[in-house]
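Morning, everyone. Please have a look at the model on the screen, and then I'll walk you through it.

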Amino acid sequence: MSEAVVPGTGPMATRLGRWHRFLAVVVLGFASGLPLALVGGALQTWLTVEGLDLTTLGFLTLIGIPYTCKFLWAPLLDRFELPWLGRRRGWIVVTQLAIGGALLLMAEVPPISQLPFFALVAVAAAFLSASHDVVVDAYRTDVLLPAERGLGASLSVLGYRSAMVISGGIALVWAQQWGSWPQVYRVMAMVMGGCAVFSLLALPSVRSDIKPLATSATRELFGFAAMLAGVVAGYFIGGWLLQLAGFDLESTHPWLRLVFLVVRTGLAIALGLYLARRVGFDTLLKALTSYFASPGAWAFLGLIVLYKVGDAFAMSLGTAFLIRGVGFEQLEVGLANKSVGLLMTIAGALIGGAVMMRVRLRTALMAFGVLQLVSNLGFYALSVLGKGAWGVLMVPAFNLGIVALADPTPMDGLLLAAISIDNLSGGMGTAALVALLMGLCNLRFSATHFALLSAFASLGRVFIGPVAGVVADQFGWPQFFLVSLVVGAPSLFMVWWLRREIDTVDSRPGPVAA
């Protein structure tokens, strides 16, 4: 066990325990990232090669919905604990084995002749993968000490991105070399099985005093069902009310579409929470009560929403800017993102985690937040100076996920600089934000808290796109990137305003009481 469970085990045991936890975080990050492309981009490539029509391919993108909605069933993973394997480890092992089984089944089902069943299995794989992500986030929160959260978040990104290189890049090469997508999925299923063996035998234990709530299992399940029904009904009722008020839900106006989404989502959440309270989804309700009883709870939600919003604003139209605004070819943009972008994201996360081992969380949040904003000036420079301003550099490139060992690829110097700085600072900011999310979680409800807080962190990316489109269209690209600085500035004020509360979060291991 780690020193988080048995204190006072000595310096050598402390070092071994720390690196044992970090190894677990890397492997679990890898296991989380591997299935993502296999139910997304790689799957789309497979079905395209098989000759599936574009309309059906478009509908199959809905397979990824469980990743967006995983916070809905996260409380069940806090409430129910599988026997023998312990808290968190049981769900991790079971979901990894189940993901492997689903991938193996996808390899055995003909995707064209049995498309409905194939799609159902793919949805099941996505659901299991999303559930696995919830438990892994909770486990990482439970097992890491406060001083380890920054580097732990960085190592998780390392594992996650490495897995996506394999399943989203190398898998395509294997499929072409082997002439068989089913064989690729069989290999990936075996890899997931290997992750399950590691999780079964080598995961450090979490604190033994963290127990789920002693509530009625039947009532919890009925409460979850009622909440889910309320969310679905609320979304459709919101659409009906908007139509009744004379609005056209098919409108292409970006501001109206944003308003429609906010109204329908708000009503869905409100009705879901009402029914959860009425029927008795106690784990969810007590998790919410626990979070909002913490000092600065609402302000922290504001910080979480805003922290990456400036970066999200600038990059929401990043590809369109580079291709239409500057005139780069699709291949140039793709190679730059696949090579330098990927490497710098990983490097940024690792550098950020290493820095956070030595500085306060609020210092890291402020410094990395400033870097995220400053990095947008690289794209501002591109919008003003244009293509070729810094000449051409020769660099190795990730080619479909494999490092090209042949001659280096020529790339625009300013493009590489802009993408490098943006991804480096973005990786550092992500490490700090994830560390903050872990610190805000009550360990009894870490699955629910982390899932909900990470959902809030994604709100900026969801809602900023329409605004970004309007600004770019009406004011032009240079002004667009200057506006991104203004959009991101409030997050720095929030960090300064909450500096004392952040220090408190940074120093506590995480409360256990409800």
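First, the ground rules. This is a predicted model, where local features need pLDDT of at least 70, side-chain atom pairs count only at pLDDT 80 or more, and totals for chains, interfaces and linings use all residues. Residues are numbered from 1 along each chain as its sequence is written, and side-chain values use heavy atoms, with hydrogens and water left out.

Start inside. A nonpolar core is a set of buried Ala, Val, Leu, Ile, Met, Phe, Trp, Tyr and Cys residues joined through side-chain atoms within 4.5 Å. Buried means under 20% relative accessible area, exposed is over 50%, and partly exposed is in between, using a 1.4 Å probe and protein chains only. The largest nonpolar core has 104 residues, and Tyr185 and Leu436 touch the most other members. Helix α7 (residues 115–143) gives this core its largest share, 15 residues. Helices here are DSSP runs of H or I, at least four residues, numbered from the N terminus. A second, separate core has 26 residues, among them Leu322 and Phe480.

Stay with Leu436. Beyond its neighbours within four places in sequence, Leu436 contacts residues including Leu361, Leu365 and Val505. Contact means heavy atoms within 4.5 Å.

Now the helix pair. How do α17 and α21 pack? Helix α17 (residues 361–385) meets helix α21 (residues 499–507) at about 125°, with the axes 8 Å apart. The axes are lines fitted to C-alpha atoms over the stretch in contact, and angles run from 0 to 180 degrees between N-to-C directions. So α17 is oblique to α21. Under 35 degrees counts as roughly parallel, over 145 as roughly antiparallel, 65 to 115 as roughly perpendicular, and the rest as oblique. Leu361, Arg362 and Leu365 of α17 touch Arg499, Ile502, Asp503 and Asp506 of α21.

Next, the rings. Trp477 and Phe480 form an edge-to-face aromatic pair, 5.5 Å centre to centre with 85° between the planes. Rings of Phe, Tyr and Trp (its six-membered ring) pair if their centres lie within 6.5 Å; planes under 30 degrees apart are stacked, over 60 edge-to-face, and the rest tilted. Both sit in helix α20 (residues 477–497), three residues apart, so about one helical turn separates Trp477 and Phe480. Trp477 is partly exposed at 22%, while Phe480 is buried at 0%.

Last, the glycine. Gly280 lies in the loop between α11 (254–279) and α12 (282–292). Is Gly280 buried or exposed? Gly280 is buried, with a relative accessible area of 0%. Its C-alpha atom is 5.1 Å from that of Gly223, 57 residues apart along the chain.

Note on methods: Helix = DSSP H or I, 4+ residues; strand = E, 2+ residues; numbered from the N terminus.
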